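Student: Before we look at the model, could you take me through how its labels are assigned, setting each value against its rule?
Tutor: Gladly; here is the structure.

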Amino acid sequence: MNSQLSQLNQMFALDDTLIFRAIGDGYIVADIQNTHCRASLALQGAHLMSWQPNGEEPVLWMSPVAKLQHGKSIRGGIPVCWPWFGAHATNPDFPAHGFARTVMWGVKASSNLADGSTAITLGIDGINQGQWSDQVPVEITITMGKTLELELVTTNSSKQAVVLGQALHSYFQVSDVREVSVHGLDGCDYLDTVGEHQHRTQHGDVTFDREVDRIYLDQGQELQIVDPGMQRLISIERKNSHSTIVWNPWIDKCKRMGDFGSDAGYLDMLCVETANAYRDVVQLQPEEVHRLWVKYSVERSL
Ligand code: TA6
């Protein structure tokens with residue numbers, strides 16, 4: 001392990017902003033601190049666990065009891081759901097939300113940018129146990145600064161078209177989900193997956209007084225999470241995505257899932273996920289590249 005860690009730091013550590021460390025049995029994380037923010041990233045799943053711009057509260061929610069274990073997805077941060085979202089289309093034995101979030105990703109590049117941000121690129125080396133073609137690899141570039149950008153790039157180098165589903169399953173820290181609203185989805189149709197699946201249309205802002213688990217079909221417009229309690233707006237800009245999942249488990253599902261830190265843990269978090277899911281999955285032709293891109297910005301709102 002030491003050799004892997006020392007090789008990582010030798011090749012990709014950035015003197016004053018990025019360093020790798022092992023926690024427990026060889027579970028490697030990267031700590032980032034630059035002039036704009038601090039962040040932390042698990043190499044398993046290329047999973048951004050935290051991002052906190054200077055002077056701001058943490059933007060991403062992490063369960064207080066999140067376990068950093070090989071092969072186990074992390075409750076919080078930004079899980080990378082790839083190369084399918086939700087249950088696999090045909091094989092119930094394949095993991096929900098794909099395998100990308102529970103396999104090790106290799107570091108491909110790291111750099112400090114002129115604007116003071118820090119960027120890191122990772123990719124999956126060797127695709128998983130016959131669940132996907134190794135001719136259709138994926139890379140992610142995460143740029144951490146005053147804003148946070150993620151770009152998930154899938155390249156079809158095979159001779160066949162593939163169907164790609166994915167989501168950047170972002171968990172946001174909020175003051176009290178009952179006081180929070182999501183703006184920008186007014187008029188959008190969505191699949192309500194709570195109970196029997198139903199197609200509905202959104203009227204006004206999305207608010208929370210029950211379990212919400214919806215796949216919105218949208219135009220890729222900018223969205224905002226409005227949080228009066230934290231006096232902040234989180235803006236979400238997207239490219240090449242026309243589906244957004246909005247999820248809060250509410251009381252009963254939070255209790256059933258049991259890894260939110262407490263039965264009231266659902267109050268502190270909200271998922272707004274930039275995706276290609278449901279009717280927005282991608283038909284990736286041979287030689288095509290798909291770039292799922294999202295940018296988060298935080299601003300004060302009085
Ligand atoms: O994106 C919403 C969702 O599909 C919910 O239905 C819930 O299952 C959540 O993802 C968490 O999934 P996970 O596999 O991380 O427990």
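Tutor: A pocket is found on a 1 Å grid over the protein atoms alone, as an open set of points where a 1.4 Å probe fits, with protein on both sides within 12 Å along at least five of seven lines, and its lining residues have an atom within 4 Å of a point. This is a predicted model, in which local features need pLDDT of at least 70 and side-chain atom pairs count only at pLDDT 80 or more, while totals for chains, interfaces and linings use all residues. Residues are numbered from 1 along each chain as its sequence is written, and side-chain values use heavy atoms, with hydrogens and water left out.

Student: Which residues lie nearest the centre of the largest pocket, and how many line it?
Tutor: Its lining has 34 residues, and Trp84, Phe85, Gly86, Ala87 and His97 lie nearest the centre. The space in this largest pocket is about 710 Å³, a volume being the space filled by probe spheres set on the grid points, which are joined across faces, edges and corners.

Student: What makes up the lining of the second largest pocket by class?
Tutor: It divides into seven nonpolar, three polar and no charged residues, where Ala, Val, Leu, Ile, Met, Phe, Trp, Tyr, Cys and Pro count as nonpolar, Asp, Glu, Lys and Arg as charged, and the others, Gly among them, as polar. Among the lining residues are Leu8, Met11, Phe12 and Trp105, and the pocket has a volume of about 160 Å³. The element that gives the most to this lining is α1, with five residues.

Student: Why is Lys146 called exposed?
Tutor: Exposed means over 50% relative accessible area, buried under 20%, and partly exposed in between (1.4 Å probe, protein chains only). Lys146 has a relative accessible area of 60%, so Lys146 is exposed.

Student: Why is Cys37 called buried, and what is the case for Cys254?
Tutor: Cys37 is buried because its relative accessible area is 0%, and Cys254 likewise counts as buried because its relative accessibility is 2%.

Student: How many disulfides does the model hold?
Tutor: A disulfide is a pair of cysteine sulfur atoms within 2.5 Å, and by this rule the count is zero. Cys254, for instance, is in no disulfide, as the nearest cysteine sulfur, that of Cys271, is 12 Å away.

Conventions:
Helix = DSSP H or I, 4+ residues; strand = E, 2+ residues; numbered from the N terminus.
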